[in-house]
Structure formats: C-alpha cells, structure tokens
Amino acid sequence: METASAADTLRRWALDEELKSRVMADPALAECARRVADRYTAGEDVESAIRAGGRAVERGHRVSIEFTGESVRDAAEASAATDVFVSVADHIGRTGLPSTVSGDLSHIGLLVSEDLVRDNSARLAEACAAVDSVFMISAEGSDRTDRVLDVYDWLAHRYDNVGITLQARLHRSERDVERVLAAGGRIRLVKGAFLEAESDALAREDPELPKRYERLARRIADAGGSLTLATHDETLLSHVLGAVGAVGSVEVEMLMGLGTDLLDRLATDGISTREYCIFGSEWWLYVLNRIAEDPTRVFQALVDLGRGPISPPASVL
C-alpha cells in the first residue's frame with residue numbers, strides 16, 4: 001500500500017505543470033532533475049538519439065526513437081514537433097539504423113484539431129515509409145484513448161507502416177484489441193504507467209494485471225498480429241514468451257536505462273529485441289512515470305544525484 005501511494009504521488013507530480021515549471025526555473029533544481037533524467041534519456045537532439053541507437057545495435061538490438069513531448073495545444077508547436085519527428089526518420093534513412101519512430105499524438109496536434117493531427121501523423125507515416133520504417137503511436141491517458149484510436153484507424157486504412165500501443169491495465173483494452181486487430185499494424189503491449197481511476201484501470205500491483213497482459217498477448221499472437229512485448233517484468237516475459245512463442249512476429253522492447261542486462265540476455269538467446277530511446281527537453285512526465293512504475297528507483301535517482309558537484313546549468317529549459 002505504501003509503495004502504491006508513493007507511485008501515485010510520483011504520477012501526480014508528473015502531471016503537475018506548476019511543479020514542473022518551478023523546478024525547471026530554478027537552476028540548481030533543474031540540474032538535479034536533469035541528472036536523474038540522464039539515465040533514461042539519450043540527450044536533447046536527434047544526433048544524440050541516433051548515437052544511442054547505434055550503441056543499442058552494437059549490443060544486438062533494434063531501436064525505437066521518440067522525440068519526447070505531449071499535451072501540445074498550439075498548432076505551430078505541434079507542426080514544429082512533427083518536423084523534428086520527420087528529421088528522425090531522415091536520420092534513420094541516412095544512417096541505416098534499424099529503428100522505428102515513436103511518439104504521442106498529443107505532441108503533434110491531437111489536442112488542437114482532428115485535421116491537424118491527421119495531417120501531421122500522415123506526414124510522419126510517409127516519412128517513415130520512405131526509409132522503410134514504422135510510426136509507432138505511444139499510449140496516453142485513458143481520457144484520450146478514443147481519440148488516439150480514431151486517428152490510428154484513419155492512418156491504418158491509408159498506410160501499412162503504423163503501429164499502436166495498448167495498455168493492459170485499462171479495462172477497455174480487451175475490447176480495444178479487437179478493434180486494433182481489425183485495423184492491422186504492429187501492436188505494442190505495455191502494462192500502463194498513467195494515473196488512472198479504479199473504474200478505468202487495474203492497479204499496477206493487482207495480481208490480475210499479469211494475467212490480463214498474457215491474455216491480451218495470446219489474443220494478438222493467435223490472430224497473427226505483429227506483437228511487441230514492452231515490459232521489464234522478467235517473470236511475466238517468461239510466461240508470455242512461453243505462451244506465444246518467440247516467433248518472428250513477436251519482439252521484446254525495453255526502455256533505455258531499464259532492463260538492459262535482461263534485454264541483452266534475451267538477444268543472446270535469439271529473441272528479437274528492441275531498445276527504446278527518447279530525446280528532447282520535455283522529459284518530465286516520461287521520467288517521473290518511469291520511477292513511478294517502481295518507486296524503489298528513487299534510490300537509484302539519489303545515487304545519480306551524487307555524481308559530482310551540482311552547478312547551475314548554462315541555460316534553463
């Protein structure tokens with residue numbers, strides 16, 4: 001119960017825009033926050049992400065790169081973010097990096113207008129198609145799931161190189177998986193890290209969650225869908241891989257800075273693996289949600305804070 005309470009507190013902090021602004025406006029606090037974020041992020045520019053992806057490839061993995069950000073409510077900002085995503089695809093093409101491009105639809109116009117998010121997501125799908133890559137749509141809170149799935153349906157009927165993320169925690173996902181299977185495309189299955197009401201989702205600690213995750217994975221695999229198992233839970237992975245088989249349409253994806261040794265072992269065992277690399281300056285929500293998934297990671301954050309003297313950064317985000 002205490003761990004669950006700590007996790008919920010971290011998730012509330014992740015959504016607290018005022019807290020984020022106060023921390024990032026204070027040079028010393030911003031430096032501390034960046035130091036914690038360094039474990040989970042590749043850097044602030046595309047080139048840093050490509051280099052991090054290259055290191056993952058050297059260890060035997062494919063890659064997924066995300067320009068982190070969400071909840072954009074300005075059309076010009078959403079289009080500028082789309083330009084960055086397109087640049088990621090261009091870099092993938094120039095370097096030959098075996099990578100998909102991942103991102104939140106709310107980063108590229110979901111909260112602005114239907115026309116804008118369709119236009120921008122189509123631009124991104126086309127840019128990925130041009131370099132033989134895939135645009136993977138990331139999960140967002142349950143209050144946005146209907147809009148995310150509507151855009152995915154629209155895209156999937158026009159492009160064959162788009163994928164979608166489903167959260168096993170959400171009660172609705174057992175229905176949503178049927179809709180997504182009908183549309184086609186790769187499905188990334190995660191447990192889900194957002195702060196959700198009990199009426200909408202299982203608690204992360206609920207013993208039913210691994211069972212539901214395995215049930216959804218089985219359904220996707222049995223239907224012949226392309227499945228990405230995105231979890232760091234070794235016990236769960238062992239059960240699910242045993243149930244669905246380590247076939248060519250199934251891969252395991254883990255986040256940079258988390259599960260590294262396990263992902264390396266899986267690759268050595270012949271499992272198809274992928275490492276998820278994020279870059280950019282808007283990492284606040286992402287990093288706090290990673291720690292909230294396992295609040296004991298706070299202790300690692302404290303260790304990371306102890307690396308060298310704290311000095312004010314040259315610029316504040």
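Student: Why does Lys191 count as buried?
Tutor: Buried means under 20% relative accessible area, exposed over 50% and partly exposed in between, with a 1.4 Å probe and protein chains only. Lys191 has 14% relative accessibility, so Lys191 counts as buried. This is a predicted model, in which local features need pLDDT of at least 70 and side-chain atom pairs count only at pLDDT 80 or more, while totals for chains, interfaces and linings use all residues. Residues are numbered from 1 along each chain as its sequence is written, and side-chain values use heavy atoms, with hydrogens and water left out.

Student: Where does Lys191 lie, and which residues is Lys191 in contact with, leaving aside neighbours within four places in sequence?
Tutor: Lys191 sits in the loop between β5 (186-190) and α9 (208-222). Helices (H or I, at least four residues) and strands (E, at least two) are DSSP runs, numbered from the N terminus. Contact means heavy atoms within 4.5 Å; the partners of Lys191 on that basis include Arg169, Tyr213, Asp233 and Leu236.

Student: What makes the buried residues of α10 line one face of the helix?
Tutor: In α10 (residues 234-244), the buried ones are Leu236, Leu237, Val240, Leu241 and Val244. Seen down the axis of α10, they fall within an arc of 125°, so they line one face. The arc is that of the directions from the helix axis to the C-beta atoms. An α-helix has 3.6 residues a turn, so residues three or four places apart point the same way. Thr235, Ser238 and Gly242, on the other side of α10, are exposed. The cover over the buried residues includes α9, β6 (227-230), β7 (250-255) and α11 (260-268).

Student: What is found at the start of α10, and what follows α10?
Tutor: At the start, a side-chain oxygen of Asp233 comes to within 3.2 Å of the backbone nitrogen of Thr235. After α10 comes Gly245, with a positive phi near 85°.

Student: Why are α4 and α5 called oblique to each other?
Tutor: α4 (residues 46-58) and α5 (residues 75-95) pack at an angle of about 45°, with axes 10 Å apart. Angles under 35 degrees count as roughly parallel, over 145 as roughly antiparallel, 65 to 115 as roughly perpendicular and the rest as oblique. α4 and α5 are therefore oblique. Their contact is made by residues including Ile50 of α4 and Val84 and Val88 of α5.

Key. A polar contact is a pair of N or O atoms within 3.5 Å; within protein, one must be able to donate a hydrogen and the other to accept it, and residues adjacent in sequence count only if both atoms are side-chain atoms. Axes are lines fitted to C-alpha atoms, for helices over the stretch in contact, and angles run from 0 to 180 degrees between N-to-C directions.
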